[in-house]
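Subject: Structure for you to look at

Hi,

Here is the structure I promised to pass on. Have it open while you read the rest of this email.

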Amino acid sequence: MNDLDFKYLMQDFSNYYIGARLSYEEMIDQDDMPGRLRSAIFKYMEDETSLDVRICDHLLSMEKKSKSAMIYSQLKTEITVLPNAVAGRHKQTVVKADDFFADDMLRSSLTPDEISELRFKKKNLMFLRV
């Protein structure tokens, strides 16, 4: 698979979809990047990680009590994990952010390239405290 397959920021009527191989810097540069999310990245995440880090790498390295994890939890983010026959996953799975950060075994068994997408509802972004 091409790395560009997972570098996107899309939206429909009720959701945002973010390709997990985007770096925060690439995401911020997108024209249709929601301002509230951009503010959260600058206010909370920039202190914890470099903006040139890919989102998938950051998800696997962040502490579960970090401000970054708090943002993803408040957004009620769903994280899509690709199949991996070696790890026993034979189909794509979707994991809620709270479960993802709480499950150290899952995170330690994943490689960054197995995380393909983040998605969250627009209404959750509206209620994000920034």
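Predicted model: local features only at pLDDT ≥ 70, side-chain atom pairs only at ≥ 80, totals over all residues.

**The cavity**

There is one cavity of 30 Å³ or more in the structure. The space in the largest cavity comes to about 50 Å³. To find it, pick out I18, M27, L37, I41, Y72, T77, L118 and F120, which line it. Two elements, α2 (35-45) and β5 (115-121), each give two or more residues to that lining. What kind of residues are in the lining of the largest cavity? Seven are nonpolar, one is polar and none is charged.

**Helix α4**

Next, have a look at helix α4, which covers residues 67-74. Its buried residues are S68, A69, I71 and Y72. They sit on the same side of α4, because the arc they cover around the axis is only 155 degrees.

Just after α4 comes K76, with a positive phi of about 55 degrees.

**The pocket**

K76 turns up again in the largest pocket, where K76, T77, E78, K96 and N124 are the lining residues nearest the centre. The whole lining has 14 residues, and the volume of the largest pocket is about 200 Å³. Elements giving two or more residues to this lining are α4, α5, β5 and α7 (122-126). The largest share, three residues, is from β5. By class, you'll find seven charged, four polar and three nonpolar residues in the pocket lining.

**T80**

Last stop: T80, in strand β3 (residues 78-81). Is T80 buried or exposed? With a relative accessibility of 2%, T80 is buried, because the cut-off for buried is under 20%. Its side chain makes a polar contact of 3.5 Å with the side chain of R119. Leaving out residues up to four places away in sequence, T80 touches Q92, T93, V94, E114, I115, S116, E117 and R119.

Happy exploring!

Key
Residues numbered from 1 in each chain as written. Heavy atoms only, no water. 1 Å grid on protein atoms, 1.4 Å probe; cavity = no way out; pocket = protein on both sides within 12 Å on 5 of 7 lines; lining within 4 Å. Points joined across faces, edges and corners; volume = space filled by probe spheres on them. Helix = DSSP H or I, 4+ residues; strand = E, 2+ residues; numbered from the N terminus. Nonpolar A, V, L, I, M, F, W, Y, C, P; charged D, E, K, R; others polar. Buried < 20%, exposed > 50% of the residue type's maximum accessible area, 1.4 Å probe, protein only. Polar contact = N/O pair within 3.5 Å; in protein donor to acceptor, adjacent residues only side chain to side chain. Contact = heavy atoms within 4.5 Å. Arc of directions from axis to C-beta.
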